[in-house]
Amino acid sequence: MKFKFRNVLAYFVAQFFILIGLVNRAKKKALKGDFILSIYFHNPSKKEFEFIIKWFNRNGFKFIGVDDLKKIINGSMSFPKGAVLLTADDGWASNYENVAEVAINNKIPITIFIPTEAIETGNYWFSYAKKAKKLGLGYLSSKMLKNVPNAERMAVITEIKKQIKMPREAMTVSQIQSIAASPWINIGGHSHTHPILPKCSDEELELEISINRRNIFTWINYQIDTFAYPNGDYGVREINALEKENFEIGFSNKPEYLSAQSLNSKFELPRIGILEGASKAENICRMVGVWHKNTLKVF
């Protein structure tokens, strides 16, 4: 755990939640089948990812994949008890060893949502923005760029790229092809350039989704039907765009349980985020859903 005041304070809060029984009660409800624990990652260490898998196994949970989830939605599979669904966003380079290989070795299904431009070029636009901010080049921060029209964001990043060289951060096409060959790894869409989709024009939105889907098909030779909204931002227009492209389900970043009722909105499926660098106690609280319910406005 990184020694940061925020993490230290969060550790003691998490230990308090465990001590008063919040975690145990949430765990019992999940094991009875009241809801599915829908968990997502970005760039966890191997140690963090392995700990989470072991914790769920040790506590009697079972892992399901997105294909199982689609069966539950269409009624061909009953709502499970003690189920956990794992996903990961962005396709970071370390995901190859820390997530994909661990999942394959442990026979754990996971869906990895990838933005195709980053896989092709090696980098994410927000990393360029953060680097430019750190170097004091005078450009808008990545946070501010998320709030401007997409064309403006792209123009800024184009200028930054002329001044900064970045080491590869994302998996390669060959690595995506390698892990996609495993029955335990599902590849999902995450747009082409990882924009804030509501900031895109109608034409940009259509291209972001269609290019993403087409490029992934070219690489792995099967049509993806699962999507996660970049940054968790979407609206009715974005849902309609996914339906138009024949996607079956879409994931948000709403930190809620995946209940039977939430499955009725299959393009707004919730997920609970794991925080890399946080304590084991905090991430246990996150996994079972008590963290966001009790600390969202504080942390």
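A residue is taken as buried when its relative accessible area is under 20%. In this predicted model, Trp55 comes in at 7% and is therefore buried. Phe61 lands on the buried side as well, at 5%. The rings of these two residues, Trp55 and Phe61, pair up in a stacked arrangement, with 6.2 Å between centres and 25 degrees between planes. They also belong to a cluster held together by ring pairs, made up of Trp55, Phe56, Phe61 and Phe63.

Across the whole structure, the search turns up 17 aromatic pairs. One of the others is tilted: Trp92 and Phe126, 6.3 Å centre to centre with 55 degrees between the planes. This pair bridges distant parts of the chain, since Trp92 sits in the loop between strand E3 (83–89) and helix H5 (95–106), while Phe126 lies in helix H7 (residues 125–135), 34 residues apart. Trp92 is buried at 14% relative accessibility, and Phe126 is buried at 10%.

Now for the nonpolar packing. The largest core has 79 residues, and the members touching the most others are Leu37, Ile39, Phe49, Phe56, Leu86 and Ile187. Helix H3 (residues 46–58) supplies the largest share of this core, with 6 residues. Beyond its neighbours within four places in sequence, Phe49 makes contact with Phe41, Pro44, Leu86, Asn98, Val99, Val102, Ala103 and Ile110. There is also a second, separate core of 14 residues, with Ile64, Leu69, Ile72 and Leu263 among them.

Charges meet rings too. Arg271 places its charged end over the ring of Tyr40, 4.3 Å from the ring centre. Arg153 does likewise with Trp125, at 4.9 Å from the centre.

How values were computed:
Residues numbered from 1 in each chain as written. Predicted model: local features only at pLDDT ≥ 70, side-chain atom pairs only at ≥ 80, totals over all residues. Heavy atoms only, no water. Core = buried A, V, L, I, M, F, W, Y, C linked by side-chain atoms within 4.5 Å. Buried < 20%, exposed > 50% of the residue type's maximum accessible area, 1.4 Å probe, protein only. Helix = DSSP H or I, 4+ residues; strand = E, 2+ residues; numbered from the N terminus. Contact = heavy atoms within 4.5 Å. Phe/Tyr/Trp six-rings, centres within 6.5 Å; stacked < 30°, edge-to-face > 60°. Lys NZ or Arg CZ within 6 Å of the ring centre and 35° of its normal.
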